[in-house]
Amino acid sequence: MKQLLDKLSPIMRPELTGNAESPEIDNTAYLPDARQPLVTGENDNTTITDKVCQIVEQKPTVGWWMFFLLSLSVLGLLGVFIPFLIFWGVGTWGVNNPAGWGYAIVNFVFWVGIGHAGTLISAILFLFRQKWRTSINRAAEAMTIFAVICAGMFPGIHVGRAWFAYWMFPIPNQMELWPNFRSPLLWDVFAVGTYFTVSLLFWYMGMIPDLATLRDRAKHSVRKVAYGLLSLGWTGSNRHWHVYERAYLLLAALATPLVLSVHSVVSFDFAVSQVAGWHTTIFPPYFVAGAIFSGFAMVMTLLVPARQLFGLKDVITLKHLENMNKIIMLTGMLVGYAYAQEFFIAWYGGVKVEKFAFINRAFGQYAWAYWIMVSCNVLSPQIFWFKKMRTNITVMFIVSIFVNIGMWFERFVITVTSLANDYTPSAWDYYSPKLADVTILIGAFGLFFTLFALFCRFLPFIAMTEVRGVMAEKARLKSPPPQQGASDSASEDSAAGS
Amino acid sequence: MSSIKNKTGSKPGQALWRSLDEYADSPEFRTLIEKEFPNHAPELFHSTSRRHFLKVMGASVALAGGLAGCRWPQQQILPHTSRPEGRAPGVPVSYASCWEQQEVAEGVLVTSYDGRPIRVDGNGDHPFQSGSATSQMQASVLGLYDPGRSSAPTHRDGDHRVSGSWEAAAEMLAEAGKSDKVAVLAAPKSSLALSMMRKRLLRKIPNSRWHEWAPLHRDSERQGTAQLFGRPMRPVADLSAARVLVCLDADPLMTHPASLAHSSGWASLRSSADDDEPVLSRVWAVESSLSVTGGAADVRIPARTADIAGIAVQLAAATGVSLPSDIAPIVSATQVTDEQILQMAADLKSHAGNCLVMAGDRQPPVVHALAHAINIGLGAVGKTLRFAEIENAERLAHIDDIALLADRIRAGEVETLLILGANPVYDAPAMNESWQQLIDRVPLSIHLGEYEDETAEVCDWHLNGTHFLEEWGDGRSWDGTITLRQPLIAPLYDGRSSIETLSILLDEKPQSGHDLVRSVLESRAGSDKDASWRSWLHDGFIRDSANAVDSAPAIRGGWGAAIESALQVPEGDEIVFLADHSLFDGRYANNGWLQELPDPVTKIAWDNCAQIAPSKAASMGIKTGDMIRLSSGGRELEMPAFVLPCQNPRTIGVSLGYGRLLSDRAAGRLSRKPSLYQIADGVGFDSYQLRSSEAVRAGYAPVSVARGSGTYQLATTQDHNPVRPEEFMGDLEFNEEQRRVGEFARVVGAGFTPDHQQVAESVEDAGPHHPDLKSLWKEHEYKSHRWAMSIDLNVCTGCSACVVACQAENNISVVGKDEVAYGREMHWMRIDRYFSGEDVDNPEVVHQPLTCNQCENAPCEQVCPVAATVHNEEGLNDMVYNRCIGTRYCSNNCPYKVRRFNYFNNTKSPSVTEKMGYNPEVTIRSRGVMEKCTYCVQRINSSKIRANNERRKLTDGEVLPACAQTCPTNAITFGDLADPESRVTATQKSHRSYKMLAELNVKPRTGYMAKLRNRPDQDEG
Amino acid sequence: MSRDPIFRPWMDQLLKLVGAGAAVTGIYVVLMIYFGFSPKTISAGYMPEQPVPYSHALHVGELGLDCRYCHTTVESAGFAAIPPTQTCMNCHEKIEPTSVNLEPVRSSFRTGLPVRWIKVHDLPDYVYFNHSAHVTRGVSCVECHGRVDHMEEVHQVKPLSMGWCLECHRDPAPHLRPVDKVTDLGWGMERTEQEKIDQGSEIMKGLGLYDESGHPTTRMTLMTNCSTCHR
């Protein structure tokens, strides 16, 4: 890998002058002989630390309050409709006889997908030594956690008798019954469960040094205690750093296969069944690509406003966003390839029912959904071929929204169209959502954004130590002589460590 | 309600009330009784009681085991004080009784559970019928427990109705009995006891008169035979001998009163297709609207009802019936070509003796006369047909009878009008003034009926009648065999039967129904009266009591006089009024099972509609669900159109019995909403409004069709939202669907003597071609029984009796129109109806019953995360409700889509009476669990336990699922594949046998047998 | 510049204590639920008060009535019928005709209204237990009901949980006895486990649940199929 990057580096070598906001400079390129200026502007350890910590330390802005209260009120929808659902039964949803699965499963797959970017960025990019990840990984991981929380909610409430959902777990019981280990739904339980645990661990571990920084800077005693407890007595001693770095590496290694496994397993829910249009071998890679695609889009949706709001332009630079756009475009095309491939195989395979299923998708009663999906996922990212667009804040924000929509519809198309018209024409029917479907869909976003708002407010939004650790000499030289105190010893050690 | 308890305290129904004491004592007893039923699924926003909330929430805790100390509700055991002989708690007993419709009694066996009748099946011992039952017979048991039945006598008090008591009613009746000028308007019944009471009434009260009215009757048959023979006779057909059957607007297999006998006869010939010398019959159906018989027919010829007389004349001429010379056969108006008729005639002649022509009750008398003239000419009498004498031959035609009553009322000749079960206000055409006004003219009007219906509500008195399972009675089956009726339970609502009521009216000391029935039959008893009475009750009928048969009835000269007039038919569109396949004439309107039963032809539940031909609809730009305005003879009605292939383009078919809007009208007259209308109210459209006296006489009426305003949602269980060809990709999808339909329901063209080899090949070819099938899992091996089913499409008429039988046996809940429209019907068994062929106005019809196929490699089992649906050693696909958490994954993965999910709590707080109707052998499913056909595993198990207790092997046919038991054509065979001798093994080995979607390697246990269609072009030579 | 620390050293001890406490509580809760919710705890021992203090100990234990004298249908039907009042009165018209305890029985006999017994062995509605299927195969009453002949008031002895049913359905042999000994509750108590198994195995062969070599047949494995008890 390194050699490969070495070869590439001359091409990517930038001139290190000029305004960071201008797309001319590649401040995230890999420089074998120098530290890349990940952070732009006149920044040094202190400014970075201040920039990040002030988000937490200062009084929340009006903007934050508005965002938080809005999300909270949307979250309220869940508070109303989930009890309502549990009480009356899933009939309050639009699901019917041929289409036994509707919005609930669509949302589940959608959110699990979103949950991919975080770990991908933090784990895989870490292993590939992509230092530019440091500016965005913390937020991305947080997003992962919250997305998986949203996802995890759905299998629980989508079952007919939610109060028995725990039967899906292998718990010894007086019935002497175990779950059916041949069922993909059961695999889901484990896959998503593991993924959530590891991601949470990974996220929290990465945060410890920053929490320590916050602890040391904290004025209010409550904060002192809270951050104190959270930072587990981190002192930044050499030994701490040593253990920390190793554990981080191991967790990254552990998390990497999960990134690929989770959505593969989720795709089995469909691929293992025999419904025409579900029973396809392409699903695992196709789902993973889609997941990364949607994940990055969601990161984009969150970071673009966030860096504006919290004045982190220098840390989350335009170049970071551009890199992500490249990934979005790539994965978008992967997904497009998968769509094409499905049709090819349906034709090539010669199974009549299969063939019908796909033609029905594109031209049947759900054609509208299919074409929304295609235009959002395949067409809209193509705009990133142009650097101008790739680096245009507004454009990339809009595209990221499109991609989110498109990816939701992808799951809708897969789930619903195949079920609504499958083997027996006599059983065909049209699935359409009811009020409860829509409100719970929206409510999930409320939950997600509420959690994210709280994260911005109370936890370090950027992995300060990591950023400090990978800052270019230029910035470091400008920094005043080191002071005592955990926060700075941290940076020095990390420099030594890395 | 107290009256019930007092009453039942001293009646055979005791055990029942004891077992329900806890409810009977509870304060909400009455509210429960009046509670809406069935419990429709809740709307999106729905207020609910705290009690119910806790119940639902509590359920989780209770089922999960509950906290130490807090136990589930305590249950009481209430034994008899002295147990009746041979009665063991929880052991079902069945009694013979009879069920009646259209003046014809069908012998039934009623299964009673601890004193609660829960099933009605056919009485197999009965000389004139098989052990099968129609959907209406099956559903009648729900009618018994209908909380909507009227529960006490009521009478008019100003513009209110007040509940009275039977004591008061009895006084009133006795008083009424003293007056002369009594008129009775009765629904016609075949009961001897009733006719005895009629005679006594006419004798006792000088100026009294007995009128009869039924909206659907067989008068034209009586008149037709009268034209021919000088006296009305009853043609008793034997379809098991009819190689060629021509139906002129007749529906012998469904709406005909003898449909059960016909079906088994027709099927016995049909299913001979597997014999070594196969002999097939051919059915020609000439009809205006698609009937069940028409669907099963080999050749179907659409024609206006009005034009069929012309066709009959031609057919008669062509078969050599000597007609009055001056008749110029005119069929110019019909689309029926001469050579089609000649073909029919040739077919009839070539099978002279083994042929039969039947005319439908919509046809004018002369068509019946012609039909029987043909039959006699071709020597059918004594082979496929016999003519039986009938009682009170002098009776007027129904329409003339009530016309007469109307006149007498206007003339003031009626002081007391006693209405026994008839409902003229709803179903009789107005006689210058409406029946409401006419009844108002009568000083004292009394109505006896099960329901407080339209007529009850305008009468001065309404007396609550009995359900047939509550009363003593008798009746005559189609061939006249006397069939007895004994009560299975004391009247739930303290009702009285017609004969008991008349006895109160006439006698100083009213007699009980039992005594009346016994007295009228006494004469037929042998030396030991008690012995013969007991044996009659045991059998349910009296042997050799059929009506006398005239083996060679003499044809009267000049019978053809009426032909000329019958041929003078108006041009243009016509409307015909059809007996509804579920509600018949509307009497079952409050029966949830029948309301929810998809119509065999249209597949519509909870509605009736105007059936219109595709070409006609296209020309008018009408789609299914559009409202159309029908106007006929100054009457108008707006109804939703249903585009039905096979409908004759110039005929609009409308079924009767819907649109009960009494609650609206009642708002003016009554202080409360009458109970009947809890289910029936506002369902469908009242097509009686269009039916004038002339229409009743002629059987059709000229109509003009116009586009109405707006559209209307019809709840169909098939083609909910059909993907129409024009909607995308040209016709690819259409062909795709057609191709697959061809695979599922395979049809083979065959001559009278089909060649097994050919048939086998074409059945094979119809299937998809696929590579060798390998299973991913280790396949089960079966060392014990291997239960399996085969369904013979060749004899399935789609009558849907099996669907209701299944519903009754397995406590399947009714979900209501909205949910059905949403695709959430609960029927475990559905009957797919497919049209095939080029001509959309007259395609061929195939019915395919579809239920859980009990796959050996069941896709549903593998995906259930909690193992709630698993395979058992006998190959059954067990569905464990109490383990199911409702992921619905199994249903998604089922290629047949035969699993049903409880989206709501469909059995929430059933009324007391509803509870009584449940089958205790089957778990009541809660909200949020999946359910499906189990091959009636409860029956399999109880038979196995019985056999093992007796240390013997199960015999073939000992285990019979409800559907197989009730099927009128024995299309369903069930048994053990492990037994090489069993019938199911034979059928599954048959050359017609195939498995649906076998290419998926799910290895279904249910096999289908291809349909053979005996088309004329298949004839050899 | 030095800050005064937020946490004092003794807090580490506290932390350990808290951790330990949490662990213990967790385990306690799990065990509490596992055993507390088990039918062994909540069902076994259930002894409602009956309208008539009928003593099986007296009638069966001392007077030696056979179970089937009252529970007549047990061999032929699914339900072991509770005797009709008539059965009681057969004797009690003569014996103890004035006893206060028997008043409910007498009044029931007078009025024709039943005695309201309380159900003790109450299975869920979705469980279909058939007495005849067990009794005629040599499963004694005592297997499920315990020594009723020693009970002054009937109470539930076994948990009647699904797991408990399965124990026997998976391996009936030790629970079987000759059919004629089924209602003899005290019978064969002295037998050793091995004797029980041997005797049972013979019966199993007789019933066709074991083949000649003593291996389970399909008819035996059938007993653990869901639809055997759930419909």
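This is a predicted model: local features need pLDDT of at least 70, side-chain atom pairs count only at pLDDT 80 or more; totals for chains, interfaces and linings use all residues.
Modeller: Local features require pLDDT of at least 70 and side-chain atom pairs pLDDT 80 or more, while totals for chains, interfaces and linings use all residues. Residues are numbered from 1 along each chain, chains are lettered from A in the order in which they are written, and side-chain values use heavy atoms, without hydrogens and water.

Biologist: Why is the contact of Glu470(B) and Arg149(B) called a salt bridge?

Modeller: A salt bridge is a side-chain nitrogen of Lys or Arg within 4 Å of a carboxyl oxygen of Asp or Glu. The N to O value for this pair is 2.7 Å, so the term applies. Glu470(B) lies in the loop between strands E17 and E18, and Arg149(B) in the loop between helix H6 and strand E5, so the pair ties together parts 321 residues apart in sequence. Helices (H or I, at least four residues) and strands (E, at least two) are DSSP runs, numbered from the N terminus.

Biologist: What makes Arg992(B) buried or exposed?

Modeller: Buried means under 20% relative accessible area, exposed over 50%, and partly exposed in between (1.4 Å probe, protein chains only). Arg992(B) has 0% relative accessibility and therefore counts as buried.

Biologist: How is Asp274(B), its salt-bridge partner, classified by relative accessibility?

Modeller: Asp274(B) has 26% relative accessibility, so the residue counts as partly exposed. The closest N and O atoms of Asp274(B) and Arg992(B) are 2.9 Å apart.
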